[in-house]
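Subject: Structure for your files

Hello,

Please find the structure below, with notes on what turned up in it. The notes cover the sheet, the chain contact and the confidence scores.

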Amino acid sequence: MDSIRLHYLVPGDDFTRAGAASSDVKRTLKELGVAPSVIRNVSIAMYEGEINMVIHAGGGDIDVEITENEIIMTLADKGPGIENLELAMKEGFSTAPDNIRCLGFGAGMGLPNIKKYTDEFRIDTKVGVGTTLHLKVYIQ
Amino acid sequence: MKVNELKDKLGLEVLTEGDLNAECTGCYSGDLLSWVMSKAEAGDIWLTVMGNINAVAVSVLCDCACIILTEKAALDDTAKIKAEAQGVTILRSEKNAYQLGVEISKLI
C-alpha cells in the first residue's frame with residue numbers, strides 16, 4: 001500500500017481540542033484494519049504528546065506517516081525545551097503547574113508512557129528552541 | 001456483564017448513553033489520566049472523579065466499557081457533549097471507588 005501522510009496543528013492552551021489528532025489517527029488506523037493493540041499504542045503515545053504540547057509548549061505540529069510496516073510520528077514544538085531530560089523521563093517527575101494537575105494531568109507519566117508505547121523513541125530538545133519527538137510503532 | 005445490566009444492578013444514574021451493550025470485562029480505578037492510560041484495559045469499567053473532557057478522551061483511547069463517576073462527582077458540560085458525540089457511556093454513583101469496586105467484583 002502507498003503510505004498515508006497526515007498533518008495536525010495542535011493549538012496551545014486548548015484542552016478541549018487536545019486529543020483531536022490522536023482520535024483521528026485512531027479512526028484512520030481502525031479503518032485500515034490495524035491490530036487493536038497497535039492502535040492503542042499509537043493513540044496513547046500521540047495523546048500524551050498532544051497534552052505535553054498544550055501544557056508546556058503552546059501547541060505544535062504533528063506529522064504521521066502510516067506505511068505497511070510501521071507508523072511514524074513526528075511531534076514538533078517551539079516551546080521552552082526540556083532542561084533535564086533524564087529527570088523528565090523518570091516516572092513521577094513533573095513540572096506541570098497545579099491548575100493542570102487539577103485536570104488529572106501532571107502525574108509525571110507523559111514521556112515515560114510515550115517511550116513505553118512506542119518501538120522507537122528519539123527526543124531532540126534544546127532549551128529556548130523547542131522539542132521534537134521522533135516515534136515509531138511497528139505494525140506486526 | 002453488559003453496561004446496561006451493570007447500571008441496573010448498581011442503581012447508577014445515566015449521564016450519557018453510549019453503547020449500553022458493551023461488555024464489561026474488568027474494572028480500573030484512578031484519577032491521574034496518564035496513569036489510567038497506561039494501566040486501564042479495553043473493556044474496563046473506569047471508576048473516577050474526573051468528569052472533564054480529557055477523561056472522555058482517555059476513555060475512548062483505552063476503549064473502556066464505561067465511566068462511573070464516583071461520589072457524585074460532577075460532569076462538565078463540554079465533557080457531556082464530547083461523550084455524547086463519541087459514544088461514551090458515563091454513569092454516576094453516590095458510592096466511593098472502594099465500595100463500587102467491591103460490588104463490581106461480585107458481578108463480573
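Two strands are taken as paired if DSSP finds at least two bridges between them. On that basis, chain B of this predicted model has an open sheet of five strands in the order 1-5-4-3-2, with mixed pairing. Strand 1 (13-16) and strand 2 (26-29) of chain B are at the edges; each has a single partner strand, so one side of each is left without a neighbour in the sheet. On average, neighbouring strands of this sheet are turned by 25° against each other, direction ignored.

One pairing in detail: strand 4 (residues 66-69) and strand 5 (residues 90-92) of chain B run in the parallel sense and are joined over three bridges. For L69(B), the bridge partner in strand 5 of chain B is R92(B).

Next, the contact between the chains. Chain A contributes 19 residues to the contact and chain B contributes 17 residues. On the side of chain B that touches chain A, the elements giving two or more residues are helix 2 (33-39) and helix 3 (53-62) of chain B. Helix 3 of chain B supplies the largest share of that side, six residues. By class, the side of chain B that touches chain A comprises eleven nonpolar, five polar and one charged residues.

As for confidence, the average pLDDT of chain B is 96, and 100% of the residues score at least 70. The model has an ipTM of 0.80 and a pTM of 0.87.

Regards

Note on methods:
Residues numbered from 1 in each chain as written. Chains lettered and ligands numbered in written order. Predicted model: local features only at pLDDT ≥ 70, side-chain atom pairs only at ≥ 80, totals over all residues. Contact = placed C-beta atoms within 7 Å. Helix = DSSP H or I, 4+ residues; strand = E, 2+ residues; numbered from the N terminus. Nonpolar A, V, L, I, M, F, W, Y, C, P; charged D, E, K, R; others polar. pLDDT = per-residue confidence, 0-100. Axes fitted to C-alpha atoms, helices over the stretch in contact; angles between N-to-C directions.
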